[in-house]
Structure formats: C-alpha cells, structure tokens
Amino acid sequence: MSCGCKTSGDSAHSCGTKSANGCESVNTCGNSYKLSVFDWLSNVQNPASNRCDFVEVRFKNDRKSFYKNVNNIPLHIGSVVTVESSPGHDVGVVSLSGELVKIQMKKKRFSPEDPLKIYRLANQKDIEVWQESRKKEETVKVDARKISHRLGLEMKITDVEYQGDGSKVTFYYTADNRVDFRMLIKEFAGTFRTKIDMKQIGFRQEAAKIGGIGSCGRELCCSTWLTDFRSVNTNVARYQQLSINPQKLAGQCGKLKCCLNYELDSYLDALSHFPSSSTMLDTEKGRAFCIKIDVFKKKMWFAYVDSSMAWYDFDIDLVKKLIAQNKKGERILPLEDLKVPDIALPSVDLIQENSVDRFEKKNRGGFNKNRNQNQGQNPNQNRPNNNQGPRKDRPERTDRNDRPKKTERPATERPVNSERPRNTNPNAKPNPNQNPNQRPPKQQQPQQPKVQLEKAEANVNAEQKPQPPKKKFKKKFPPKKDNNA
C-alpha cells in the first residue's frame, strides 16, 4: 500500500490515489515531505544477512521516528503503516528504508534498544479514523487558543496533532517564559474529551513546522533541508561587514537568519590575510585608525583621529608595509600623499541602443525628423557659441571694431511725427469703414518742442515736399435685394 507522489504541503493535502487493496489513501501522502533523505542505495542489492530491520516513518510535518519491522513486512518509501504508540497506535508513512536507515540512526544517535514496532500495513478502517482526526485539528487549534487567552497565559499554540487512532492530541506551543498550564490541561481535557500532551518548542522549530517564504524568495531552509539549528550571533554579521539591522538580519522566527552561517568560513579565510581591524598608523600628520574593510576588493580605509571625515583607502599589501615601517620606529608620510589618485576613465555616450529617448514618442514634425537624421551627433555641434567663433554661414570677422556701422537715413526719408496719421482720441469709437485687417494705429507720442518742430518743417520744405499718404479705397458691394419687394 503506497503512494508515489512526494508533494510538499500540510496535512489537508490529498492526492486521491488508491492502494492495491482498493482503499483510497486520500491523506496518506498529505504529510509534508520536507527534510526528506534521498535513498541513493535503493537500487543496490545487499545480501539478506545484512538486511536492516528498521525503517524511518514520518508523521505530520517534520516529526520522524524509527520503527522495527519485526514481522518482515515488505515495505518501501510511501507505504502507510500502523505503528506502536502510547497509548494505542499511530498511522504514518514510510520515508526511508534499507541500509541508509543505519546511517540516519547513527547521525541522530537513536538507541536501538527496546524500539517501537510496526504492527501492519494500514487498512481502510485505520485510514478513515486517521482522516477524521486530521479534519478536527484546525478547529481544535482555534478553540485551544481561545481557552489560553481566557486564562491569561503568555503562550502561543502553534500546531495541533492528533494521533492516528484519535486517542491522544498533542499541542505544540511557544513561550518566552515558563508557563503553568495545569488549569489549561483541565480545560482541554474537559473540552476535547481525550488525552492531552503539551510540548514546548522553540521559535525556529515553529517556523520549521509552519513553513513559509523567506526574504530571498525561496522556501525556508529550516522547513526544506536544514536538519539542525546552529547558534547564530551578531559577531557573524560583523565578520561579514553587515550593518546590525534587526529587521534585515532576523528571519520569520524572529531570530537571526540561519543563512548567515553559510558564508562565514569564506569570510574568515579571507580576513586571515588582512591586518587587524584595530591597526593604528603613525604618520607625520598624526595617528590614523582603520575605519572600514572591504573583503572583495582587499582594501582598508583609514582616517585621522583628529579629522575622521576624510577616508583614504589602501591595498592590504601597502598597509602591511606601512605597519612594518611603524614597527621600526619610522613615521610614514601623510595619508593624502600615499593615496594614489584614481584615473578617470573616459565616458562613452551610448545613444543608439541605451538612450532613454527611444521610449519617447516621435512626432512627425520637422524637429524630430532632423533629430533622427542627426542621431549620434552632438546637438551643439553646429550651434554658434560666443567661445566657438563665428557661424559657418557668416563671413569671418577678425575684429569687432571693423564692423560696418549702420547708415542713418536722411531726414527727408523719415516721416515727421506731425504728418503721421494718429488716433488722438483714445476713447473714440471704431470706424465702421475701416478695414479690419489693417494694423491699428499706434498711440500718440508726446509732442516735440515747437523750436525743433519748426526746424524740421523748414528742412522738409526746402529739400523735398513729402507726399501725402495713399488712400485705401473701400470695395463696393452691390446692394442687397429686398425679398419683400
């Protein structure tokens, strides 16, 4: 009786497969297959004398245990079995069998003395009772949280697990301090009418049972493959030059992330080639201390004790030489003299493919058309500038003082102010006979003194008599016909 699907999910998952004897194993593979071990010895045939009698059985979430197959039942991964429990029996799924079980038992330090036994392959009645018990777990968890809140206990009920025969229910809870739950057990026993078992777990075990998605976008390591929890402290973050920010360094369990330990050995190996972070350099300008370390670039930043706002970075090889000079009793040059100036790389203007203008909508006007034709050129190339000299379409001038001055028109060509037609009355009504397209007359300027006006009239009469302005003839339209006539 087996189920071949290895899906990861909660106890409510069902694959709907049927076993060989006809019973539908709806919830047999509903257990989460996280932390499963790959049996790489499954295709290797061992002699019967070295056959392992133990199998690994998995229950809800990550709870596992080892049982002895005393009846030599043919079992393989996925078989649903009924095992010994206290009291009654429990139902689980075989997660590992064969010679690899011995390695896991040694790793987890399981004692083979007086082990629990496997009764039989689970029948239809065992599976039905198991499924009915599993369906009540969510409602029981909600009711248990209400009872603990009513009693004022500082605890959180994380998960509830029924035994296969429904004779016992286990409550997993988390708490910061010790909890006196004697009254709580009495309330649970009177409400749920079954044997109560309370187990306190840590916050990391809680995250492993519930599961979730981490900040990296993947499933939590503790709920997928991580089998043991190593201690993580803030020194791990300091070695990796990380900012001590609890919101970024903490996982869903509220503790420091387990992944901080993954690259710690690489950082420690790289830091072994660095001088100590408490190194002090004695310069001619004053003492300098190490303020920052970059493991990847292999650089160290130093700043003066008096003025710590200016930082200077040096390679670790140069720092070692400077430390050796200080040990000899010699003062080194100031940090600004030791710093090699950075060479500025020429900037490349990528306009064709990497230009932001390719996202803009191009109109059909002449401006964008010329712009597309001159794409890739400097837009200020043909534009005149005061510092760039004359424009190409104008003749070159060597001196600004050699420019030809504007010739003044003689007084005879300029009309006198008194002879220009002006509208002297600003409040006058518009003339209906005036052409609407004609430019309106300008306002009257202040009159010149009489002496200047008389001189101007005398000069005009002596040389040339000004012509009167031409009259504009109005177009005559034929009279409208009277339809009433």
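Modeller: Let's start with a pair of strands: β8 and strand β9 (residues 168-174) run antiparallel to each other, joined over six bridges. Here strands (E, at least two residues) and helices (H or I, at least four) are DSSP runs, numbered from the N terminus, and two strands pair if DSSP finds at least two bridges between them. In general, strands of a sheet pair through backbone hydrogen bonds, either parallel or antiparallel. One of the bridges here links Ile 157 to Tyr 173 in β9.

Before going on, a word on what you're looking at: this is a predicted model, so local features need pLDDT of at least 70 and side-chain atom pairs count only at pLDDT 80 or more, while totals for chains, interfaces and linings use all residues. Residues are numbered from 1 along each chain as its sequence is written, and side-chain values use heavy atoms, with hydrogens and water left out.

Now back to the sheet. It is open, with three strands in the order β8-β9-β10 and mixed pairing. β8 (156-162) and β10 (195-200) are the edge strands; each has a single partner strand, so one side of each has no neighbour in the sheet. From one strand to the next, the twist averages 25°; angles like this run from 0 to 180 degrees between N-to-C directions, with axes being lines fitted to C-alpha atoms, for helices over the stretch in contact.

There's a helix packed on the sheet too: α3 (residues 137-150) touches β8 and β9, and its direction makes about 145° with that of β8. Contact here means heavy atoms within 4.5 Å.

Over in β10, have a look at Lys 195. Lys 195 is partly exposed, at 44% relative accessible area (buried is under 20%, exposed over 50%, partly exposed in between, using a 1.4 Å probe and protein chains only). Leaving aside residues up to four places away in sequence, Lys 195 touches Ser 86, Pro 87, Ser 167, Lys 168 and Val 169. Val 169 is 26 residues from Lys 195 along the chain, yet their C-alpha atoms are separated by 6.3 Å.
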